[in-house]
Amino acid sequence: MILSTKAMAEEKCFIFQENHKIIRQEGQCDKRYAPASSFKISLSLMGYDAGIFKDENHPNWPFKEGYDLFINVCKGSHNPREWMRDSCFWYSQVLTKELGMERFKSYVKEFSYGNMDVTGDKDKNNGLTHSWLSSSLEISPEEQMIFLQKLLDGALPVSKKAIEMTKKILFREELSGGWKLYGKTGNGRSAKTGLQNGWFVGWIEKNGRRIIFASHLADDKKQETPASFRIRDEARNKLW
């Protein structure tokens, strides 16, 4: 059962899975929230499958005045690898405009991504560029886990290149013990309350083993540090 997104107390979810079996779960993990930048995993698959993204270095799109700029590191040209690393919203918007609403909506539906609602903010007709950012599109940690499992199983309706290139640009670091970490954070803020919700989703792998994880934090009070950074650090401590 999928529950309401409204939370009046801090809520956390940690869910870890190996070989299609949940090995650890803490908190409420069936509540849907806006995916924010964790949606870049889906956008990457779309970009490569549609042939808009060529490799990790192309296209190299320039930043233009008027683009949404949330962090200064995103001011300047970016390629797919840098877009994923720096989490630049404007680059995502350029991509979705290249895709067009019909293809964008079709991918989200074929991915069975959360509630699959890309209508955007009410009466603003901005679903193509804003639906995943504290707007209409929502997904639960459990659904994030299912989506990531499909990605790694090659069970999503995209090309092998789209999967391999997305995995490549999701690589974050090599951890102690030989584990490799792949993942994406995401941070949203309610326009009404100013409260944050943060994601850290992905997987670690070593010697044929792979542990998929989805973690989420919904704040109950205003915080200065991004919720995504806080839940990322907690998830890392629980994983290894």
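A close look

Tutor: Gly 183 has a relative accessibility of 4%, so this residue counts as buried. Here buried stands for under 20% relative accessible area, exposed for over 50%, and partly exposed for values in between, with a 1.4 Å probe and protein chains only. The model is predicted: local features need pLDDT of at least 70, side-chain atom pairs count only at pLDDT 80 or more, and totals for chains, interfaces and linings use all residues. Residues are numbered from 1 along each chain as its sequence is written, and side-chain values use heavy atoms, with hydrogens and water left out.

Gly 183 sits in strand E4, which covers residues 180-189. Strands (E, at least two residues) and helices (H or I, at least four) are DSSP runs, numbered from the N terminus. Leaving aside residues up to four places away in sequence, Gly 183 touches Leu 170, Arg 172, Phe 200, Val 201 and Gly 202; contact means heavy atoms within 4.5 Å. From Gly 183 to Ile 71 there are 112 residues in sequence and 20 Å in space, C-alpha to C-alpha.

Ile 71 belongs to a nonpolar surface patch, made with Phe 70 and Val 73, of about 290 Å². Patches are built from residues with over 30% relative accessible area and no salt bridge; nonpolar side chains (Val, Leu, Ile, Met, Phe, Trp, Tyr) are joined within 5 Å, like charges within 9 Å. Accessible areas come from the Shrake-Rupley method with a 1.4 Å probe, and for residues only the protein chains shown count as cover. Phe 70 is in the loop between H1 and H2. With 57% relative accessibility, Phe 70 counts as exposed.

A disulfide is a pair of cysteine sulfur atoms within 2.5 Å. One of them joins Cys 74 to Cys 88, with 2.2 Å from S to S. Cys 74 is buried, at a relative accessible area of 3%, and Cys 88 is buried at 0%. The torsion about this S-S bond is -95°, and the link is left-handed.

Cys 13 and Cys 29 are also joined by a disulfide, with 1.9 Å from S to S. Cys 13 lies in strand E1 (residues 11-18) and Cys 29 in the loop between strand E2 (21-27) and helix H1 (40-49), 16 residues apart. About the S-S bond of Cys 13 and Cys 29 the torsion is about 105°, so this disulfide is right-handed. Both Cys 13 and Cys 29 are buried.

Helix H3 has 9 of its 11 residues buried, so H3 is largely enclosed by the rest of the structure. Among the buried residues of H3 are Phe 89, Trp 90 and Leu 99. The buried residues of H3 pack against H1, H2, helix H4 (101-110) and helix H5 (127-130). After H3 comes Gly 100, with a positive phi near 85°.

Salt bridges number 14, each being a side-chain nitrogen of Lys or Arg within 4 Å of a carboxyl oxygen of Asp or Glu. Arg 236 and Glu 173 form one of them, at 2.4 Å from N to O. Arg 236 is in helix H8 and Glu 173 in strand E3 (residues 171-174), so the bridge ties together parts that are 63 residues apart in sequence. Lys 238 forms another with Glu 26, the closest N and O atoms being 3.0 Å apart. Lys 238 is in helix H8 (residues 227-239) and Glu 26 in strand E2, 212 residues apart. Arg 24, Glu 26 and Lys 238 are linked in a network of salt bridges.

Over the chain there are 8 helices and 6 strands. Of its 240 residues, 52% count as buried. A compact globule with 240 residues would have a radius of gyration near 18 Å, and the 17 Å of the chain agrees with that; the radius is taken over C-alpha atoms, and the globule rule is 2.2 Å times the number of residues to the power 0.38.
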